[in-house]
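Dear colleague,

Please find below the structure that I promised to pass on to you. My notes on what was found in it follow directly after.

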Amino acid sequence: MTSVSRQDPRHGVGGKSVIGGFFVIAALAVAALYVRAILFTPLEAKQGAAQKIYYIHVPSAIGAYTAVTITALASLIYLWLKDERADRMAEASAEVGLVFMTMVLITGPLWAHKIWGAWWVWWDLRLTLSLFLWFVIVGYLVLRGAIEDPAMRGRYSAVLAVLGALLIPFIHLSVYFSMAHMHPDPVVLKPSEPSLPREMLITFLSGIGAFLLLCLALIQSRYRLSELKDEMAAVEAERGY
Amino acid sequence: MDDTQGVFRAAYIIAAIVYGGYAVTIWLRAKRIRERLSRVNGRTGEPGSGPAR
Amino acid sequence: MEARPPGTLSGALLIARKDLAIEFRTRTAFFSSLVFAVLALTIFYFTWDESIVTPNDRAPGVLWVVLTFSALLGLQRSFGIEEHDRGIDALLVSPISREAIYLGKAIGNLIFLCAVQTVAIPALALFYNMPVGRPLVVVSGIVFLAMVGIVAVGTLFSAMAVNTRLAELLLPMLSLPFFVPILMSAAQAAARVFAGRPVSEVGFLLKLLVAFDIVFIFACTLAFSFTLEE
């Protein structure tokens, strides 16, 4: 992830495509997971095919949380060092996190409907937390879109990201303690057996691996896009547009 | 279990579309910026950044 | 004779007094909030069938809707009034510290909200035939704790939003997720107190509220300096 050379506008981001080798590997990993989950993993007795949603719901959540963690850390680094690369990373990671979080919010209700009979369950910690994190990320991206000065944009969004990270334990605890009485154990959506049989476990773990790769690959691609955008802005500023 | 196949297929298909589609939007946005960059550079006679490898 | 610059607290109080004096002159935000409160009370009263959901059950919900929206009204104003003549520059040049500016604005907002609630809560009790007594006093205390949190976060976001293109959209949009733990804890606690449960039962929710308030007052005071950096 190279820094953009401002001095010479002839050089784009080294002619590197935003979609690189890493992404291809990640995409293949996800495709392999699909094949394994659909064709080679047994159906769960009580929930049937719907349970297989688990293999993309949880990995999406892990990808989402990874991405927002990167945003929060990059934001802290930006506030401390004022390095614009950190700001670019925060932005890239946030957008990717939004995509993953959206998938959590889509797959969650699809699965919840089959096992709990309701599309939305407020006592499910992961779903509720994901919903409010989704709003924080949207707010973050809208805030960025509403500020033109890059320095102010970087500062403001970094502050929001750090505050958002601070918010997470409070949402977790307030959901847990206000919803606890509605459900025996405030849990996260998970298959009814306490532990997965070996075949399913392997699929599950490979799912996590594949989606983590996808998350990192997408962040890398999106970061390159940020570099391109900044380069464009620099060129336009130079020419007085 | 009624129609568990339905939600399962829906979820997997939506995931493929959303993640794949997002990658495509990144690629498209990059393409658009690269074109603008080469136009801007080309206007002043400087060689533009070459085609993406 | 050398004048010493005001300390943080006195600086804050100066600013709070200034803001409240401005608001007191026109009282527009205050009356808008009251009108909204009455409107909400009325609408919520008539939207449910009394035999199915008693007014007593609805009251807690109305309370928090009124609080949140009047808070947003007041918060919107809080830095909005500085926008007109770039009043914020005058504040920054003055010897008052940035922390004091933030705290002053926040205290002003809190007092504003208290004033609105002083009318809204009795109105609620009156129109919904709520038992006036210890539960109502406890709930007022819970409302106060919630207001502190709302004001802490809202004042910061008001300051940030006012500098952007989408100010009116951004303040509620950014605040919403942050209000959630406040409202969830406070509303659940208040509902249980209204239902006659002992205060000890809601102990943990109250502690969570207080923790939120303390953490975010510190965090937002710190964050405010970052947003004003030249």
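I begin with a caution about chain A. Its residues 1-13 have a pLDDT under 50, although the model has 23 contacts beyond four places in sequence for this stretch. Please bear in mind that this is a predicted model. Where pLDDT is low, the predicted coordinates should not be read in detail. For chain A as a whole, the average pLDDT is 84, and 85% of the residues score at least 70.

Chain A also takes part in an interface with chain B. Here 36 residues of chain A are in contact with 30 residues of chain B. On the chain B side, the residues that touch chain A comprise 20 nonpolar, 5 polar and 5 charged.

I turn next to chain C. Its secondary structure consists of 8 helices and 0 strands, so that the order of elements from the N terminus reads α-α-α-α-α-α-α-α. Chain C has a radius of gyration of 19 Å, which is close to the 17 Å given by the globule rule for 230 residues; it is therefore as compact as a globular protein of that length. The C-alpha trace of chain C spans about 65 × 35 × 35 Å along its principal axes.

Of the 230 residues in chain C, 40% are buried. Considering the contacts in chain C between residues at least 6 apart in sequence, 82% join residues that are at least 24 apart.

With kind regards

Methods:
Residues numbered from 1 in each chain as written. Chains lettered and ligands numbered in written order. Predicted model: local features only at pLDDT ≥ 70, side-chain atom pairs only at ≥ 80, totals over all residues. Contact = placed C-beta atoms within 7 Å. Nonpolar A, V, L, I, M, F, W, Y, C, P; charged D, E, K, R; others polar. Helix = DSSP H or I, 4+ residues; strand = E, 2+ residues; numbered from the N terminus. Rg over C-alpha atoms; globule rule 2.2 N^0.38 Å. Buried ≥ 20, exposed ≤ 12 C-beta atoms within 10 Å, placed from the backbone. pLDDT = per-residue confidence, 0-100.
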